[in-house]
Amino acid sequence: NRKGLLGLSNLGNTCFMNATLQCLTHTHGMQKYFRFCSHTYTSRAQSSRQRLVMAFAHWFERDWSKTVSAGHHSPDDILRSFQALNPSFAGYAQHDSQ
């Protein structure tokens, strides 16, 4: 069983983001919220913040689902959501986790 053991693809200077995401995936409260609380952000006209919440929900589900089969997955949906919320993250420049 590979639940919670998936690696993350480096999308170009995303190692700090990936390290933070790996910490978050093992934070029980975050995991519980994103996996078991209902998400009401399902309308087509989603805000950037709603898309980020849904990206996290899908990411936690991929990482902890009962049928994990891959050795890694890509956090590109989370990166795109961050870039939409804060244009300073656009592109692939190096950014520290804060």
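Is Phe56 buried or exposed? At 9% relative accessibility, Phe56 counts as buried, a class that means under 20% relative accessible area, with exposed over 50% and partly exposed in between (1.4 Å probe, protein chains only).

This is a predicted model in which local features need pLDDT of at least 70 and side-chain atom pairs count only at pLDDT 80 or more, while totals for chains, interfaces and linings use all residues. Residues are numbered from 1 along each chain as its sequence is written, and side-chain values use heavy atoms, without hydrogens and water.

The structure holds 6 aromatic pairs. Rings of Phe, Tyr and Trp (its six-membered ring) pair if their centres lie within 6.5 Å; planes under 30 degrees apart count as stacked, over 60 as edge-to-face and the rest as tilted. Two of the pairs are tabulated below.

| Pair | Centre to centre | Angle between planes | Class |
|---|---|---|---|
| Phe56 and Phe82 | 6.4 Å | 90 degrees | edge-to-face |
| Trp59 and Phe60 | 5.1 Å | 80 degrees | edge-to-face |

Phe56 lies in helix α3 and Phe82 in helix α4 (residues 76–85), 26 residues apart. Phe82 is partly exposed, at 29% relative accessibility, whereas Trp59 and Phe60 are both buried. One aromatic cluster is formed by Tyr33, Phe34, Phe56, Trp59, Phe60 and Phe82.

Helices here are DSSP runs (H or I, at least four residues), numbered from the N terminus. The axes of helix α2 (residues 28–36) and helix α3 (residues 48–64) come within 8 Å and cross at roughly 100 degrees. On the α2 side the contact (heavy atoms within 4.5 Å) is made by Met30, Gln31, Phe34 and Arg35; α3 supplies Val53, Phe56, Ala57, Phe60, Glu61 and Trp64.

Key
Axes fitted to C-alpha atoms, helices over the stretch in contact; angles between N-to-C directions. Helix = DSSP H or I, 4+ residues; strand = E, 2+ residues; numbered from the N terminus.
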